[in-house]
Amino acid sequence: MTVTSDQQGAPRRPSSEPTAGERGERGTRDTELFDYDAELRRYNEHFRAAARVGSRDRVLDVGCGTGQTTREAARAAVGGSALGVDLSAPMLERARRLSDDQGLSNVVYQQADAQVHRFAPMDFDLCISRFGTMFFADPVAAFTNVARALRPAARLVLLVWQDRERNEWASAIRRSLAAATATPTPPASGPNAFSLADPATTEGILTAAGFTDVSFTDVHEPVYYGPDTATALDNVLRLLKFEALLTHLAPTTAEQARTRLRTTLATHDTGSGVYFDARAWIVTARRH
């Protein structure tokens with residue numbers, strides 16, 4: 001196992017803001033989706049560089065969401081192709097529309113569970129996943145299934161969160177909400193968001209699934225929740241689906257929860273955006 005460090009960046013506005021299409025400003029259904037592309041923009045720069053998609057690569061993107069990483073892979077693989085899979089039908093609907101709008105003909109999206117989906121065997125040169133592989137019920141089975149879809153010596157490139165305590169977006173926001181409610185609140189990205197945080201555990205999973213040459217690169221960048229506190233509040237409430245929890249609380253208690261969350265976000269407003277410290281691993285490996 002190899003562990004290295006990538007660039008560390010101080011909080012600042014992402015180098016380029018999302019386009020209207022990427023931000024989902026084209027319809028009601030789009031605006032109901034949390035904008036992960038904006039949140040993870042700084043991380044995506046590192047991920048794209050690590051993926052090193054070749055011009056003739058056939059790429060599998062696991063947990064592709066609205067397809068930003070799939071489209072980037074398709075643009076790089078001008079003589080190849082990209083397949084994005086995800087469980088979310090609304091996200092895939094947006095992904096298909098954006099790909100059509102951008103004139104990409106070598107990209108396909110499919111609603112599928114990568115843990116059990118019957119991919120064509122040995123069909124891909126590269127599998128990528130930006131925060132899409134931490135939620136498998138059986139990670140060894142899931143990565144074994146992915147390995148079957150990869151050609152011998154094909155590359156695997158993952159972006160996964162490090163421990164919760166190293167991710168302020170999870171710890172600070174959760175504390176601000178839990179302090180104002182009588183019931184526990186879920187982690188900001190679900191109960192398994194940190195399942196691949198430990199390098200030894202993750203290396204064991206990948207080795208058991210048929211991968212070798214596993215390495216980890218530390219990436220330390222902030223995550224972005226919006227240009228100001230009001231927008232960040234709306235984004236975080238949408239991400240957590242916290243309004244559903246508030247409906248079961250007394251009005252005063254519900255307002256206290258919103259106030260504490262608003263205060264937490266305000267303390268992280270840099271004047272050029274609301275940022276929380278975060279840390280992730282870029283994990284690379286090869287099919288054995």
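Select strands E7 (residues 211-220) and E10 (residues 279-287). They pair in the antiparallel sense over eight bridges; strands are DSSP runs of E with at least two residues, numbered from the N terminus, and two of them pair if DSSP finds at least two bridges between them. This is a predicted model, in which local features need pLDDT of at least 70, side-chain atom pairs count only at pLDDT 80 or more, and totals for chains, interfaces and linings use all residues. Residues are numbered from 1 along each chain as its sequence is written, and side-chain values use heavy atoms, with hydrogens and water left out.

Stay on E7 and colour by burial. Eight of its 10 residues are buried, meaning under 20% relative accessible area with a 1.4 Å probe, protein chains only. Next, pick Phe-211, whose bridge partner in E10 is Arg-287.

From Phe-211, go to Phe-143, which is in contact with it (heavy atoms within 4.5 Å). Leaving aside neighbours within four places in sequence, the contacts of Phe-143 also include Leu-156, Leu-158, Leu-196 and Ile-205.

Finally, zoom out to the whole chain. Of its 288 residues, 54% count as buried. Among contacts between residues at least 6 apart in sequence, 81% join residues at least 24 apart.

Key: Buried means under 20% relative accessible area, exposed over 50%, partly exposed in between (1.4 Å probe, protein chains only). Helices (H or I, at least four residues) and strands (E, at least two) are DSSP runs, numbered from the N terminus.
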